Amino acid sequence: MKVIIRKANSLIKTFLLYKIFRYWVILNFISPKLRSVILRFCGAKVGKGVYFSNGIYIDNNAEHLEVGNDVLFSPNITILFHKRNMKEYEKGKLIKTVSHQKSKVIIGDGASIGTNVLILPGVKIGEGAVIGAGTVVSKDVPAWHLAVGNPMKVIKEY
């Protein structure tokens, strides 16, 4: 019985993250707080005053997300919490047999994430940091800095 309840709970979270949170444009018209409520239900830690735009993909490990207060998420952002453990990969081995590593993504207070940004696992974005559109965030971004590009470069301090 516990297995069935756990699977049903996982199915509900998956539906909420992939269908409701990501695509329902009307959520922000009803209340800008609804996306934060959905993420909290799925296990994420989300601060106050966080604004999530539409089209944000968060993989099914939302419990690895920590978002501070007053963070701005622009449209079409992807946040990943897992990657393959490439230390296990070797010639002749199938990639699907390599295990996953899960890591937290932490976004500090007042950060701003631009359109079409990809945030990789294990990254910390500091307080007040700004991530430019189209950036692939593969390493930590210091507080009060501007980061842009692919590969990402920190180009300005505020």
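One thing before we start. What you see is a predicted model.

Let's begin with the sheet. Four strands form an open sheet in the order β1-β4-β9-β12, and the pairing is parallel. The edges are β1, residues 45-46, and β12, residues 124-125; each of these pairs on one side only. Now look at β4 and β9. Strand β4 covers residues 65-67, and strand β9 covers residues 105-107. Three bridges join β4 and β9, in the parallel sense.

Next, the core. How many residues does the largest nonpolar core have? It has 36. Five of them have the most contacts inside it: Leu39, Phe73, Ile107, Ile119 and Ile125. Which elements give two or more residues to this core? They are helix α1, residues 2-23, α3, residues 34-41, and the strands β4 and β9. The largest share comes from α1, with four residues. As background, nonpolar side chains tend to be buried together in soluble globular proteins.

Leave out residues up to four places away in sequence. Ile125 then touches Ile106, Ile107, Gly108, Ala111 and Ile113, among others. The list also includes Ile119, Ile131, Val137 and Val141. Keep Ile131 in mind. We will meet it again.

Now the charged side chains. How many salt bridges does a search of the whole structure find? One. It joins the side chains of Glu66 and Lys104, at 2.8 Å from N to O. Glu66 sits in strand β4, while Lys104 sits in the loop between β8, residues 100-102, and β9. So the pair ties together parts that are 38 residues apart in sequence.

On to a hairpin. Strand β13, residues 130-131, pairs with β15 in the parallel sense, over two bridges. Here is Ile131 again: its bridge partner in β15 is Ala147. Ala147 has a partner in β16 as well, namely Val154. Strand β15 covers residues 145-148, and four bridges join it to β16. These two strands run antiparallel. Together, β15 and β16 form a hairpin with four residues between them. In the turn, Gly149 has a positive phi of about 95 degrees.

How many of the five residues of β16 are buried? The number is zero, so this strand, residues 153-157, lies largely in the open.

Two single residues next. Take Arg22 in helix α1. Arg22 counts as partly exposed, at 23% relative accessibility. Not counting residues up to four places away in sequence, Arg22 touches Leu17, Arg35, Asn54, Gly55, Ile56 and Tyr57. For a sense of distance, compare Arg22 with Met86. They are 64 residues apart in sequence and 30 Å apart in space, C-alpha to C-alpha.

The other residue is Asn85. It lies in the loop between β7, residues 82-84, and β8. Is Asn85 buried or exposed? Asn85 counts as buried, because its relative accessibility is 14% and the cut-off for buried is under 20%. Leaving aside neighbours within four places in sequence, Asn85 is in contact with Val98, Ser99 and Gln101.

Last stop, the surface. There is a nonpolar patch here of about 700 Å². Which residues make it? Tyr23, Trp24, Val25, Ile26, Phe29 and Ile30. The largest share, three residues, comes from helix α2, residues 26-30. Phe29 is found in that helix. At 70% relative accessibility, Phe29 counts as exposed.

To recap. The open sheet has the order β1-β4-β9-β12. The largest nonpolar core has 36 residues. The salt bridge joins Glu66 and Lys104. And the nonpolar surface patch includes Phe29. That's the tour.

Terms used
Residues numbered from 1 in each chain as written. Predicted model: local features only at pLDDT ≥ 70, side-chain atom pairs only at ≥ 80, totals over all residues. Heavy atoms only, no water. Patch = residues over 30% accessible without salt bridge, like charges linked within 9 Å, V, L, I, M, F, W, Y side chains within 5 Å. Areas by Shrake-Rupley, 256 points an atom, 1.4 Å probe, with all protein chains shown as cover. Salt bridge = Lys/Arg side-chain N within 4 Å of Asp/Glu carboxyl O. Buried < 20%, exposed > 50% of the residue type's maximum accessible area, 1.4 Å probe, protein only. Pairing = 2+ DSSP bridges. Core = buried A, V, L, I, M, F, W, Y, C linked by side-chain atoms within 4.5 Å. Contact = heavy atoms within 4.5 Å.
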